[in-house]
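Dear colleague,

I am passing on the structure below, together with notes on what was found in it. Please read the notes alongside the coordinates.

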Amino acid sequence: DGGSTIFAMVIQEIRKRSPFKHTWVVGFANGVVGYVADSRDYEDETYASHLAPKIYGFMPFKPNAWEVMAEAGIAALKKL
């Protein structure tokens, strides 16, 4: 499933660029906001990129949403 791949990509990017020697990334989605899809999902018009946003009643994320998530995580770490 693309969703687990996306979070692996976010985690890898945060760990690679973290200012700390050891970095653990932990998250949860109890207040579901939909699916973060990768660029392949948008090209293939998959459930995650096209149908889920309609079901959840949210605007779809952009194909680079995972990069925005990683940048936010890195920025937060740099503030510590």
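A nonpolar patch on the surface is formed by Val32, Val33, Tyr35, Tyr47, Leu51, Ile55, Tyr56, Phe58 and Phe61, which together have about 790 Å² of accessible area. Patches are built from residues with over 30% relative accessible area and no salt bridge, like charges being joined within 9 Å and nonpolar side chains (Val, Leu, Ile, Met, Phe, Trp, Tyr) within 5 Å; a salt bridge is a side-chain nitrogen of Lys or Arg within 4 Å of a carboxyl oxygen of Asp or Glu. Accessible areas come from the Shrake-Rupley method with a 1.4 Å probe, and for residues only the protein chains shown count as cover.

The model is a predicted one, in which local features need pLDDT of at least 70 and side-chain atom pairs count only at pLDDT 80 or more, while totals for chains, interfaces and linings use all residues. Residues are numbered from 1 along each chain as its sequence is written, and side-chain values use heavy atoms, with hydrogens and water left out.

One member of the patch, Phe58, is found in the loop between α3 (47-56) and α4 (65-79), and its relative accessible area of 39% makes it partly exposed (buried means under 20%, exposed over 50%, and partly exposed in between, with a 1.4 Å probe and protein chains only).

As for the chain as a whole, it has four helices and zero strands, where helices (H or I, at least four residues) and strands (E, at least two) are DSSP runs numbered from the N terminus. The C-alpha trace spans about 40 × 25 × 20 Å along its principal axes, and 26% of the 80 residues count as buried. Of the contacts (heavy atoms within 4.5 Å) with a separation of 6 or more, 62% are between residues 24 or more positions apart.

Ile14, in helix α1 (residues 2-17), is buried with a relative accessible area of 7%, and, leaving aside neighbours within four places in sequence, Ile14 is in contact with Thr23, Val25, Ala70, Gly73, Ile74 and Leu77. Ile14 and Ala75 are 61 residues apart in sequence, yet 9.5 Å apart in space, C-alpha to C-alpha.

Thr23 lies in the loop between α1 and α2 (39-44) and counts as buried at 11% relative accessibility. Not counting residues up to four places away in sequence, Thr23 touches Ile14, Arg15, Ser18 and Leu77.
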